[in-house]
Structures are given as C-alpha cells and as structure tokens.
Amino acid sequence: MKSILIIGMGRFGQHLCENLAKLDNEIMIVDQEEERLEAMLPLVVSAKIGDCTNEAVLKSLGVANFDICFVCIGTNFQSSLEITSMIKEMGARYVVSKANRDIHAKFLLRNGADEVIYPDRDIAERLAVRYSANHVFDYIELTDEFSIYEIPPLPQWAGSSLKDLKLRNHYNISILAVKRANGDLGMMPKADYVIQADEHLMVIGRNEDVDKLLALMN
C-alpha cells in the first residue's frame, strides 16, 4: 500500500483513482471542480477543492508526504508544467505527469517529472496492434523489441504439456499466464501444465518471433 496524491480529476484521473483504490492504496485527490471529486469520495482518504497552480494550495497538501504524486492535467499544459515543477521543488518524492505530445513530455521531464505517461497514445497503440493483427486479444509493449501478447494456442498445442511443446526452443517465447475460458488467470504455469484449446495464452517474446507465430495461425 502506498500514499498517493492525484492532481486533476478528469476522466483519466478518475480511472486512475478507481484502480489505485482497488489495490488498497491511500489516496488524496485535488481538483478545482467539486463535482469531479464527489463520485470519488468513497475511494479516497482525503479530497480537496483547489487550484494547484496556486503555490499556497500546493503547500497545504504536504506533497513530500506522498510516495507518488500524479499530475493528471491534460487540457492545460502550462498548468501541468507549473504544478509539476512546484511540487518537485516542494520535495515530492516521485512525480508522474500526464502528457499528450512528445514536446510536452520533454518539458515536463526537464522541469521535475520523474516519469511521463501518454495514456491516449498508449491506448491507441494497443488498439492498433490488437485490431490489425488476427488472433491478438490484448497487447502490452515492454520495449521496442519485446511485448506481451494474449493469443490463442495453435490447434496442435491442445492436449500437450508445456514441457512437451518446448515453446521456448521452438518459437522463442515464454508463457507468463493462461487465461481460462471462465476468465480465471493462472500465473506462471508449470512445465506439466496441459494446454486446452479454448484458453488464451499470455506470452512474452520478441515482436518478430511472435509475428512469426501469429502467421502460423492465419
């Protein structure tokens, strides 16, 4: 469990708050508009109405007491930049700022952000891969070379164990998890696990190797 400050409760800020709350984090939220805070009140330990471009408002939050501070202002870059810079100067331990463009990210990183996230871009990339490639149900890019894919097993894999299939040797991929037909997720299946035809596999590997595997499914 971590103590987290979220500044800006637009759609992204609200989704972030909901998911962090599910993981039992202690959350404080801040926004200028009261109505944006109301729905989140059951999920957080504290909420404050205020303009965080005001230095006095930021000082009142005690930003240095939080493990992570998220700056989730996407519509006003100048405000995002000012807030990022000020909370870092006030001793914020780790600052994550939302950006919409690469040029924004560069300025944020130069002015106090420890990390910059691009939620819109990242979602667009995942959707592009998912809907462009047949047999890809989900996709997470790790680096330019490696990704995690949710894919079905090849028909000939059904009924065989991971040990017998030797997927690492033959396809240069590793199985991180198995998503069963009922939605249950089996993490890190053992070598004697037998693959079923109606399951999805969470595989990690080089993009070029997974592309070769996907070509066999067409």
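**Reading a buried histidine**

Analyst: Let's start with His104, which counts as buried because its relative accessibility is 16%. Buried means under 20% relative accessible area, exposed means over 50%, and partly exposed is in between (1.4 Å probe, protein chains only). Before we go on: this is a predicted model, where local features need pLDDT of at least 70, side-chain atom pairs count only at pLDDT 80 or more, and totals for chains, interfaces and linings use all residues. Residues are numbered from 1 along each chain as its sequence is written, and side-chain values use heavy atoms, with hydrogens and water left out.

User: Where does His104 sit, and which residues is His104 in contact with, leaving aside neighbours within four places in sequence?

Analyst: Contact means heavy atoms within 4.5 Å. Setting aside neighbours within four places in sequence, His104 touches Phe77 and Ala99. His104 itself belongs to helix H5 (residues 102-110). Helices (H or I, at least four residues) and strands (E, at least two) are DSSP runs, numbered from the N terminus.

User: How many helices and strands are there in the protein?

Analyst: You'll find 9 helices and 11 strands.

User: How do I read a pair of aromatic rings?

Analyst: A pair of aromatic rings is described by the distance of the centres and the angle of the planes. Rings of Phe, Tyr and Trp (its six-membered ring) pair if their centres lie within 6.5 Å; planes under 30 degrees apart count as stacked, over 60 as edge-to-face and the rest as tilted. By this rule, the count here is 2 aromatic pairs. One of them joins Tyr139 and Tyr149, edge-to-face, at 5.2 Å centre to centre with 65 degrees between the planes. That pair links distant parts of the chain: Tyr139 is in strand S7 (residues 138-141) and Tyr149 in strand S8 (residues 146-151), 10 residues apart.

User: Are Tyr139 and Tyr149 buried or exposed?

Analyst: Both are buried. Next come Trp157 and Tyr171: their ring centres are 5.3 Å apart and their planes at 65 degrees, so this pair is edge-to-face. Trp157 lies in the loop between S8 and helix H7 (162-165), and Tyr171 in helix H8 (residues 167-171), so the pair ties together parts that are 14 residues apart in sequence. Trp157 is buried, with a relative accessible area of 2%, while Tyr171 is partly exposed at 23%.

User: Which residue other than glycine has a positive phi?

Analyst: Met188 is one of them, with phi near 45 degrees. You'll see Met188 in the loop between strand S10 (185-187) and strand S11 (200-206), and it counts as exposed because its relative accessibility is 57%. Asp24 is not a glycine either, yet has a positive phi of about 65 degrees. Asp24 lies in the loop between helix H1 (11-22) and strand S2 (26-31), and at 55% relative accessibility it counts as exposed.
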